[in-house]
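I opened my notebook to look up how this structure is put together. Come and read along with me.

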Number of protein chains: 2
Amino acid sequence: MKSKFFLFLVVVGAFCGQMPLVFSQAGYTWKDGREFKIFGQLDDTNISYYKRLPDTLERHLRAPLWKLSEQASGLYIKFKTNTSSVSISYQVENPIAFPHMPSTGVSGVDLYAKSGDTWQWVRGKFSFKDTISYHFKGISSDEERMYRLYLPLYNQIKWLKVGVDSNAVFQAIVKKSSTNPIIIYGTSIAQGACASRAGMAWTNILERTIDLPIINLGFSGNGRLEDPVINYIKRFDASMFIFDCMPNFTSGQGLNPKQARIRLKKAVLEIRSKHVETPILLVEHAGYSDAILQTGRKTIYENLNREVVATFKELQSQGIKNLYLLSREEIGLGGNSFVDGTHPNDLGMYEYASAYGKKIKNILD
Amino acid sequence: MKSKFFLFLVVVGAFCGQMPLVFSQAGYTWKDGREFKIFGQLDDTNISYYKRLPDTLERHLRAPLWKLSEQASGLYIKFKTNTSSVSISYQVENPIAFPHMPSTGVSGVDLYAKSGDTWQWVRGKFSFKDTISYHFKGISSDEERMYRLYLPLYNQIKWLKVGVDSNAVFQAIVKKSSTNPIIIYGTSIAQGACASRAGMAWTNILERTIDLPIINLGFSGNGRLEDPVINYIKRFDASMFIFDCMPNFTSGQGLNPKQARIRLKKAVLEIRSKHVETPILLVEHAGYSDAILQTGRKTIYENLNREVVATFKELQSQGIKNLYLLSREEIGLGGNSFVDGTHPNDLGMYEYASAYGKKIKNILD
């Protein structure tokens with residue numbers, strides 16, 4: 001047995017240097033997460049740290065929706081530093097992984113640094129214990145850089161702290177953006193299932209490639225175009241409103257295509273009642289990769305997309321301007337794009353972000 | 001607390017119908033895995049079920065390498081059926097997930113069916129308990145189809161059984177391929193880290209797009225171009241030999257670029273001593289996504305690739321024909337292609353498979 005255990009250690013250790021590290025916290029200057037501004041939140045002082053909807057809205061929402069809104073998808077903090085290493089410690093509320101989405105995606109953070117015009121991913125080692133730790137080192141520290149730390153896609157943060165070299169400049173960015181955000185109301189796919197890490201959620205990929213802030217209101221299984229959410233988001237000025245909720249209008253959620261049409265139309269008219277010219281983008285169901293063999297599933301998304309197109313045409317015929325449609329064909333997911341037939345893997349996430357990027361550019365340019 | 005637990009259940013349940021299922025085994029005809037031929041193995045009766053190297057080789061190999069060769073990456077079984085549902089049960093030896101690779105990738109199976117000229121992924125629900133179960137249903141059963149069940153990328157199978165509808169045709173395919181395989185000797189990346197599911201390992205994507213069997217000899221951290229492996233694989237006729245071992249010639253493995261060059265040259269000459277014309281493909285290190293900021297990492301792969309190119313040129317100048325090179329640039333991984341800077345995510349896996357497919361087609365056409 002001894003030799004078997006040794007072998008196990010060796011084999012695990014051989015996994016290319018990806019061993020979790022227990023690292024010292026000496027030599028760092030630390031800031032608590034609350035010293036930073038949380039980006040990816042709407043401009044509302046009633047939204048607590050690491051959450052996506054205001055506490056004042058809780059009593060108007062179904063409990064699962066509120067619970068999901070406490071998960072940090074699409075949120076990030078920003079800081080400026082010339083450090084050679086960054087250390088992150090935090091705790092989360094919920095299970096750290098799913099069977100089809102790893103800890104790094106469900107509960108992990110993801111660090112990017114601005115280098116020239118692009119956001120460069122920073123490599124770190126991680127340890128998923130009771131306290132989760134990431135340690136990024138060997139960073140070229142010849143200049144001060146802007147950093148962006150994406151928070152977990154499917155977990156709620158209890159507390160978080162960020163450390164940099166004790167002799168480094170360390171400036172928490174607290175100034176909010178002067179640009180109106182793109183507000184996305186969606187499902188688990190928009191929330192980030194099943195990206196391998198936070199930066200690979202399509203909303204986060206997209207935000208790194210376009211020059212606009214994004215608000216991620218993707219709620220797993222609960223992107224249902226509900227009045228309290230619509231009435232809330234219409235309070236805010238946006239560069240664009242996006243409704244990508246079709247995958248949640250299925251029998252599993254107790255919903256159907258007819259309800260999708262009613263709610264989609266109502267959502268658009270509600271937004272338009274307050275925002276006369278802001279572009280509104282309706283998004284078709286992106287399809288299922290298994291639909292060719294498991295044909296019952298093809299019917300599901302085809303029926304939904306028929307209603308999306310009908311709603312789009314009806315609203316256009318009623319004179320609603322600046323209304324746009326992103327089709328299943330434009331999203332273009334294929335057989336390799338999913339992990340479970342419903343949720344994109346990182347290839348699918350990249351395809352989603354590319355399709356959105358092209359469409360948004362066409363609309364806003 | 002009660003209401004908190006309820007909420008947790010609701011939120012988890014809301015994860016778009018991906019709840020594990022406990023399902024009945026009634027109404028199925030079952031076959032044990034040993035009634036099938038294991039595809040992806042070399043043509044050697046000394047290789048046990050679900051393993052990748054023969055028992056006779058164990059005493060010549062380092063223990064970690066042998067242990068990894070017991071993991072089922074690249075192996076699959078084939079059957080023909082007109083069933084409407086497929087059920088799989090099995091047990092594995094090792095931990096079911098990694099922090100950066102989900103259970104579906106490390107320990108999951110993946111089912112594809114031939115439909116026309118293409119392999120279509122089949123959607124299943126899964127349960128990762130002591131016995132792992134997959135259940136695929138709602139399959140259009142209007143015709144007999146050929147199925148391929150990929151085995152886990154990073155786990156060793158204890159036993160496995162396959163069930164189909166009790167009234168369905170169910171033929172285990174045991175006839176071996178008449179075509180010589182492509183033999184790939186590689187690292188964790190070739191073994192499949194960090195695909196989200198078995199079918200997304202680049203070797204498996206590739207095999208679905210080219211018409212040649214592939215032998216996956218990727219060994220996590222242990223793709224070191226060692227004599228016992230080279231001497232073993234040269235016994236077999238192949239359509240191509242591929243050496244994609246550079247990511248394991250680093251200090252973490254106690255190796256360096258000089259050793260890479262010596263072993264790469266020796267490996268090619270060994271193969272050539274037995275196979276006068278078979279194409280041999282040398283593959284550069286695909287790079288690290290973090291190399292722009294963490295510049296120490298850039299040096300690692302640049303130094304290794306310099307030796308690959310030098311070896312390639314040296315061998316060509318010595319008259320070695322049918323020798324080819326797949327470069328880092330041709331593989332073309334970018335900042336979105338990795339999960340941890342070293343291992344590709346599904347986007348990277350797709351890019352790897354595409355680059356290989358193009359190169360192999362050019363060589364063999």
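Below are my entries, in the order I made them.

**Entry 1: what kind of model**
I noted before anything else that this is a predicted model.

**Entry 2: how the two copies are related**
I superposed chain A on chain B, and a rotation of 180° with 0.0 Å of shift along its axis does it, at an RMSD of 0.0 Å. The two copies are thus related as by a two-fold rotation axis. Next I asked myself which surface the copies meet through. I found that 100% of the interface residues of chain A are also interface residues in chain B, so the copies meet through the same surface.

**Entry 3: the contact between the chains**
How many residues does each chain bring to the contact? I wrote down 67 residues from chain A and 67 residues from chain B. I reminded myself that the size of an interface is often given as the accessible area lost when the parts come together. Here chain A and chain B bury about 5400 Å² between them, and 66% of that is on carbon and sulfur atoms.

I then looked up which elements of chain A each supply at least two residues of the side that touches chain B. Among them are helix 1 (2–13), helix 2 (63–69), strand 4 (110–115), helix 5 (202–209) and helix 10 (346–364). By class, that side of chain A has 32 nonpolar, 25 polar and ten charged residues.

For salt bridges between chain A and chain B, my count is zero.

**Entry 4: salt bridges in the whole structure**
I noted the general idea that side chains of opposite charge can pair when their charged atoms come close. Over all chains, the structure holds 36 salt bridges. I picked out B:Asp110 with B:Arg197, where the closest N and O atoms are 2.9 Å apart. This pair links distant parts of the chain, 87 residues apart: B:Asp110 sits in strand 4 of chain B, and B:Arg197 in the loop between helix 4 (188–191) and helix 5 (202–209).

**Entry 5: what the record says about chain A**
I checked UniProt, where an unreviewed entry lists "domain: SGNH hydrolase-type esterase N-terminal" for residues 29–170 of chain A. In the model, the end C-alpha atoms of residues 29–170 lie 8 Å apart, and the span is 8% helix and 37% strand. The unreviewed entry also gives "domain: SGNH hydrolase-type esterase" for residues 180–361 of chain A. For residues 180–361 I wrote 15 Å between the end C-alpha atoms, with 43% helix and 13% strand.

**Entry 6: backbone details**
Where is A:Cys194 placed? I located A:Cys194 in the loop between helix 4 (188–191) and helix 5 of chain A. A cis peptide bond joins A:Ala193 to A:Cys194, with omega about 5°. In chain B, a cis peptide bond joins B:Ala193 and B:Cys194, also with omega about 5°.

B:Leu225 lies in the loop between strand 12 (214–218) and helix 6 (227–233) of chain B.

Methods: Residues are numbered from 1 along each chain as its sequence is written. Chains are lettered from A and ligands numbered from 1 in the order in which they are written. This is a predicted model: local features need pLDDT of at least 70, side-chain atom pairs count only at pLDDT 80 or more; totals for chains, interfaces and linings use all residues. Side-chain values use heavy atoms; hydrogens and water are left out. Contact means heavy atoms within 4.5 Å. Buried area is the accessible area (1.4 Å probe) that two parts lose on being put together, summed over both. A salt bridge is a side-chain nitrogen of Lys or Arg within 4 Å of a carboxyl oxygen of Asp or Glu. Helices (H or I, at least four residues) and strands (E, at least two) are DSSP runs, numbered from the N terminus. Ala, Val, Leu, Ile, Met, Phe, Trp, Tyr, Cys and Pro count as nonpolar, Asp, Glu, Lys and Arg as charged, and the others, Gly among them, as polar. UniProt positions are given in the numbering used here, feature names are shortened, and annotations may be inferred rather than shown by experiment. Copies are superposed by least squares on the C-alpha atoms of residues with pLDDT of at least 70 in both.
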